[in-house]
Amino acid sequence: MLLQLDNVSKSFGALQVINQVSFDLEEGVALGIMGPNGAGKTTLLNLIAGDLPLSGGSIRFDGADLNGVSAEQRCLSGIGRTSQIPRPFTGMTTYENVLVGAMYGSNLSEKEAEETCVNVLEQTGLLPRWNVEAGQLRLLERKRLELARALATKPRLLLLDEIAGGLTDHEVQELLELIRDIRAQGITIIWIEHIVHALVSVVDRIVAIDFGNKLAEGTPEEVINSDAFKQVYFGVESVKLD
Amino acid sequence: MQWINTLVQGILLGGLYALYGTGLSLIFGVMRIVNLAHGDFIMLGAFMSLLVTSMLGLPPLISIAIVVPVMFLLGFLLQRGILNQTIGKGLMPPLVITFGLSIIVQNVLQMGFSADSQGLDAGALETASIPINDQISIGIMPLITFIVAVAVLAGLQLFFNRTKVGQAFRATSDDPETAELMGINSRQIYALAMGISFAIVALAGILLGIRTNFAPTDGPARLIFAFEAVIIGGLGSLWGTLAGGIILGLSQNIGAQINPTWFQLAGHIVTLIVLAVRPTGLFARTRDS
């Protein structure tokens with residue numbers, strides 16, 4: 001197992017945001033996380049990436065307990081993530097953004113990192129924009145840069161936080177191609193997404209959560225057809241979907 | 001002719017102010033901390049040099065080789081041990097801590113060196129100058145200070161743009177959380193930044209000490225000059241700080257030329273005008289879009 005969540009809980013004061021969520025993830029699998037707004041999806045990602053400390057339970061990555069391991073050490077051990085709202089280093093060029101990820105995330109010298117950067121920029125289609133200040137990039141390009149930067153850290157597990165949000169249908173399709181490409185590289189993916197058709201077209205498995213509780217887990221068909229999921233998403237017990 | 005001399009001296013004085021301001025600006029730029037003890041650390045650098053020169057009998061300029069590394073280490077440890085604990089807890093804790101440090105440094109210096117003014121003895125170098133004509137001569141020390149300031153700024157620019165650690169500095173100052181997701185240890189970067197700030201401050205303190213007398217309680221006045229150079233030049237702009245320092249030095253010297261008591265006043269007035277007309281500073285590079 002690459003990633004194991006065991007009874008993971010997170011509370012902010014009296015507010016229980018994640019309540020004893022457990023699931024395992026094998027290497028090479030793409031997992032989608034679904035749930036309504038405020039279900040705790042991004043919090044779950046933050047717990048895995050190390051932006052927030054756990055309140056209970058444990059997370060193991062490649063067999064090692066992540067408790068007390070800082071965000072930057074998790075990055076070094078192979079966990080990469082993208083932010084929901086792209087956060088490029090706006091004062092640096094596209095290339096420099098990726099360079100930072102490559103140099104620090106996979107511990108390379110500037111010279112060694114060059115090749116990684118060019119490859120990643122090419123894969124994400126940003127090569128023509130390499131020398132543009134990241135603050136000048138358009139939304140789709142910023143999303144691509146989020147991916148490029150995360151890829152430059154050579155992740156084994158890539159956490160995607162609503163990467164398709166705010167894009168047009170056409171743009172979503174372009175991004176999907178890229179994500180499929182990343183998957184084909186053998187990188188394990190956890191993807192939070194509201195755009196269900198996009199998510200379902202890529203992932204092998206889905207975990208549905210609501211109010212911090214795990215509702216259902218299984219293949220996309222199993223989860224979408226499960227009663228618990230319909231109850232939350234459509235407010236009905238059981239409707240036959242085709 | 002008298003006026004040309006005033007302008008030349010003002011520009012050279014700007015080099016010293018740029019050294020004051022650079023460390024302050026660097027710290028604010030990288031971790032959004034205002035170091036209220038900045039001026040006192042300038043004095044600490046000067047007194048440390050006094051200690052080294054009197055104990056080892058070295059010339060003050062040579063003491064740089066000892067004082068600058070020691071101050072770098074001190075800054076590094078201060079950030080590591082104390083100030084890093086306050087990161088992410090708002091503006092107030094670092095303000096209170098550095099305010100406290102300011103008082104501590106002043107009192108420790110008074111205990112160790114008494115409240116009297118001291119000077120670093122650089123021999124003939126202190127008053128040496130290059131005569132240009134009857135009325136204008138360029139002091140060697142102000143000239144050295146100016147050259148050092150330009151060299152420090154050029155060095156920093158190269159460091160930020162050309163080195164791996166420099167890239168991490170820029171990334172961290174832009175967005176520390178995202179930088180950590182890229183595998184950068186931001187606390188280590190903060191400690192390095194404080195170390196570099198202290199090293200620059202030590203240089204400034206020693207150069208100041210050779211030019212003029214100094215006392216343990218001079219720090220806050222130096223802090224004001226550092227602030228003014230940064231405010232005029234604009235935060236986050238290295239060469240802006242030099243320009244800010246030069247404008248401050250020029251205003252002070254021109255003010256003093258008009259009326260000897262207007263030295264500081266003229267600098268304050270120019271700073272206020274810049275704050276009113278262009279609060280981001282004259283050469284600010286605004287990064288937040």
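Predicted model: local features only at pLDDT ≥ 70, side-chain atom pairs only at ≥ 80, totals over all residues.
**Exercise 1. The meeting of the chains**

Find how many residues of chain A are in contact with how many residues of chain B, and which helix of chain A gives the most to that side.

*Solution.* Start with the count: 25 residues of chain A are in contact with 17 residues of chain B. Next, look at the helices on the chain A side. Helix 2 (71-76) and helix 3 (94-105) of chain A each supply at least two residues. Of the helices, helix 3 of chain A gives the most, with seven residues. Finally, sort the chain A side by class: ten of its residues are nonpolar, eight are polar and seven are charged.

**Exercise 2. A loop residue in chain B**

Decide whether B:A37 is buried or exposed, and list its contacts beyond four places in sequence.

*Solution.* First place the residue: B:A37 sits in the loop between helix 1 (2-31) and helix 2 (38-56) of chain B. Then count neighbours. B:A37 has 24 C-beta neighbours inside 10 Å, so B:A37 counts as buried, given that the cut-off for burial is 20 or more. Now look along the chain: B:T98 is 61 residues away in sequence, yet the C-alpha atoms of B:A37 and B:T98 are separated by 5.2 Å. Leaving aside neighbours within four places in sequence, the contacts of B:A37 are B:T98, B:L101, B:S102 and B:V105.

**Exercise 3. Helices of chain B**

Check the span of helix 8 (residues 186-211) of chain B, then describe how helix 1 of chain B packs with helix 9 (residues 219-233) of chain B.

*Solution.* At 1.5 Å a residue, the 26 residues of helix 8 of chain B should span 38 Å, and the end C-alpha atoms are 37 Å apart, which agrees. Helix 8 of chain B is also mostly covered, with 24 of its 26 residues buried.

For the pair, the angle between helix 1 and helix 9 of chain B is about 80 degrees, and their axes are 8 Å apart. That angle makes the two helices roughly perpendicular. Helix 1 of chain B contributes residues including B:Y17, B:Y20 and B:L24, while helix 9 of chain B contributes residues including B:R222, B:F225 and B:V230. Nine residues of this contact are nonpolar, three are polar and one is charged.

**Exercise 4. Helix 4 of chain A**

Check the span of helix 4 (residues 110-123) of chain A, and name its buried residues and what they pack against.

*Solution.* The 14 residues of helix 4 of chain A should span 20 Å at 1.5 Å a residue; the end C-alpha atoms are 20 Å apart, which agrees. The buried residues are A:A113, A:T116, A:C117, A:V120 and A:L121. These buried residues pack against helix 3 and helix 5 (139-152) of chain A. Just after helix 4 of chain A comes A:G125, with a positive phi of about 75 degrees.

Terms used:
Residues numbered from 1 in each chain as written. Chains lettered and ligands numbered in written order. Contact = placed C-beta atoms within 7 Å. Helix = DSSP H or I, 4+ residues; strand = E, 2+ residues; numbered from the N terminus. Nonpolar A, V, L, I, M, F, W, Y, C, P; charged D, E, K, R; others polar. Buried ≥ 20, exposed ≤ 12 C-beta atoms within 10 Å, placed from the backbone. Expected span 1.5 Å × (residues − 1). Axes fitted to C-alpha atoms, helices over the stretch in contact; angles between N-to-C directions. Parallel < 35°, antiparallel > 145°, perpendicular 65-115°, else oblique.
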